[in-house]
Every structure is written in C-alpha cells, then in structure tokens.
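Hello,

Please find the structure below. My notes on what was found in it follow.

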Amino acid sequence: LLRRSRDLPLADFRCFPRFSDFFRARPGSFFFFVHPGPNRCSVCAAHGPPPSLALPKEENSSMNMRRRITFFLAAAAALLFIGSLAPPSHAQEEKTTFPDTKHVIGLVGVKHNASGTLTVQNGNLEFVKDQKTTTVPTASITEVLTGKDSERMIGGVIGTLTMFAPYESGRFLSLFRTKIDVLSLTYTDSTGAIHGVVFTLPKGSAFDAKRALVTQGAKTSVSPEAELEAEAKEKEAAKEKAKEKQQ
Amino acid sequence: MNKILRIGCLFALALAAAFFAGRALAQEKPAAPQPKLTNTSIQILMVRSDELKLPMAFQMALYENLVEQIEKTKKFQHVYRDGDQNAANAPDLVVLHSDVFGFKQGSEEARQVTTVVGATHIKVHCEFIDKASGKTQISQDITGNVYFLGGNLRATLDFAKKAAQIVSTYY
C-alpha cells in the first residue's frame, strides 16, 4: 500500500487495484492507494473504483498478461541490479589464461611479435607458442605495469603491402584500428640479471593478468586497485573535458 | 631567345655546382682511425629516465633491444645484464650507462595516414665507462626515431642499432 500524502482526508484518496490503472490516472490525482490483487480495501468498499478507470471484462485477459510481463521485467531488473552490487565472483577473479597474447620483446628464446597464450598458474607465468612453453616464476617478477595502445586491424606483411595499394587506400585502412592493452614486467633470473618483457593483450585483459600475477607473488609499485581508481579518475576527467568542450 | 636559354642553363648549372661544392666542403672529414678499445666484456645497465616520465614498455624495449643489438655485434666475449652477479669478476669490464633525456611519443595512426606527422623520438645519453679505471671511454647522445613504418616501440630498435654501430666502431 502506497500513500503519498498523509494530510489529505481519506475520502480524497483514490484506489487503484492495478498498477496499470495507476499509470492511467490523470496527472493531477497524485494522492492514491495502490493495492495489487483482487481484494478491495476499505477505500474501495466506501467509494468504489473510479468509473473512468473501470475496465471492460474483455480487457481483463490482456491486462493480466501485461501485468505478468511487467512483473517479470521488474524482477529481471531487480536481479540485474542486485548482481551489479554483489562483489565479483570467484570464477572471475581466477581468470588466468589469456589467449591472443603477443610477445613484443624480452622472453628468452621467443621471437619478437610472436602470438601465443599467456597463462598464470602454479606460481609461474607461462607463454605457450606452438607447444613450446617459456616459464618465468612469478616470485622473480619485480614490477608489473599495464598500459594502453592501438594497432592496425590489418597488420603484418599484408598490412605493410596495403601501404602501396592504389588511391591511398592503405592510408584509409590505417584508420581502422583495434585497442590493445600493454603488459610490461621485469624479472630477475638465477644470476640476478634483470630482464624486461613486453606483451600486448586484447583490450581489458592486462588488468586481469596483472591481478593474477600479483596474487601469485609478483611485486608491483602500483597495486591493481590503485590502477583501477586511477583509470576511473581518468575517465571522469575525460568526461568533464568533453562536457566543457560541448559547453 | 637561344642566348637567353643558354645563359639560363649556364646559370642553373653554376648554382647547382656551387650548392654541391658547398655541401661537400661542409661535410665533416672522416675521423682518423682510432686505436680500438680492448675491453672483452660489457655490462648494460637498465635504461634510466630520471628527467622525464617514460612509459615502462619503452624502457623495457630500450633495454632489451640494446642488449640484443650489442650481443649481435660479437665485439665482446660476455654481455652482462644489469644485476648479473657474474659481472663482478669479469676482467676488462666496460659498463654502459643510458639515460633518457628526451622523449616524444608520436602516433602510429597519424604517421600512416599523413606520412609527415606523428613521428616518435627518443634521445638517450650513453656513457661507456671502464670499470677498472673509472674513465669514460665514450660519451654520446643517441636518438631513436620512427618516421613512417612500424609502431612507436620501433624507435627503441633504431636507438639500439645506432648504439651497436658505435660499439662496432670503437671496440
């Protein structure tokens, strides 16, 4: 039972047995009761439902269907809202495999710009390329940082050849780009020598990779949480700038 | 009419000759061949960027490319990385210090679309210091650029190749 104004006399309230009736109400009549269900309340018993809102019996079945749909939509919205409030699930936290990772530079015995799968498991960072695995213990990683970049959709040799295509079409193709994440890390080997490694991953994966590495013992000067906060601040600043430009 | 054409051609030829002669004179004479330095091992320290904020990916790429390119020259028996404990006992060790003092990150997209803008430049001051004597053997500024083809990190490869060329020249 909803009641907006408690100061008005009971006779001024109007009773709407259905939510749909309430939405049909005139804009001025903001004092109301809503009680879904077939039973009438004391107000209904005293005054009866408003004649303008009385529905013919033929419409009852369609109204029931509408009410059900409305109920299901409301329930779905509520579930989504609750889901967004809940902390991230355990499965999401444990994302440790990152396919379509490109090794830019740094891993011993792996070619530059080799594509493979990055895995963080059992205290090791593993890069698998053509069934050949290169392993770096996460405990030996002294710094992990993420960044952002973009690359041509059509890359490699074909991408280079398109630059010689007629009518400057290669330049036009350069405008089509995909956003990528950059994961940079340093580690020390058994002799204490420092190595630097750079990977590029699909957009949104670098943060998960960093979190997985830090969880399994890698060190970093910027915690994943701080990185998230910084990213959120950047987004806000960008939005504000865009608003200022619009004004 | 013919006379005017002849005079014009002669004048143009004279101008061209003067231009090329000037350029030839302006070019530095090749340095006299110096005696090569005899260090047998080198330790490459991590590239520093105290004066400016350099993205970590660039720092790593500079360092790794430098190690790789100097190894390729085969001028040293051992190439040690920063922190390598084996370098402590290495004889005739020369230590390479690199400090980034200029960095302009361009845009690969702008380069490919316009050709003339979006270049990436990295300026690095390199010092080769003999560990035993503490003397600076070579001190030089090296610039890595990428003007057209390749991503921004390609500037680090350009820098490393130039550094390796210096190593080949002096060692």
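The rule finds one salt bridge across the interface of chain A and chain B, where a salt bridge is a side-chain nitrogen of Lys or Arg within 4 Å of a carboxyl oxygen of Asp or Glu. That bridge joins A:Arg177 to B:Glu108, with the closest N and O atoms 3.2 Å apart. On chain A, the side that touches chain B takes at least two residues from each of strand 3 (97-105), strand 7, helix 6 (169-174), strand 8 (177-188) and strand 9 (194-202). Helices (H or I, at least four residues) and strands (E, at least two) are DSSP runs, numbered from the N terminus.

This is a predicted model, in which local features need pLDDT of at least 70 and side-chain atom pairs count only at pLDDT 80 or more, while totals for chains, interfaces and linings use all residues. Residues are numbered from 1 along each chain as its sequence is written, chains are lettered from A and ligands numbered from 1 in the order in which they are written, and side-chain values use heavy atoms, with hydrogens and water left out.

In the contact count, 26 residues of chain A meet 24 residues of chain B (contact: heavy atoms within 4.5 Å). The buried area is about 2,000 Å², and carbon and sulfur atoms give 62% of that; buried area is the accessible area (1.4 Å probe) that two parts lose on being put together, summed over both. A:Arg171, A:Thr191 and A:Ile194 supply 26% of the area that chain A buries against chain B, more than any other three residues.

Regards
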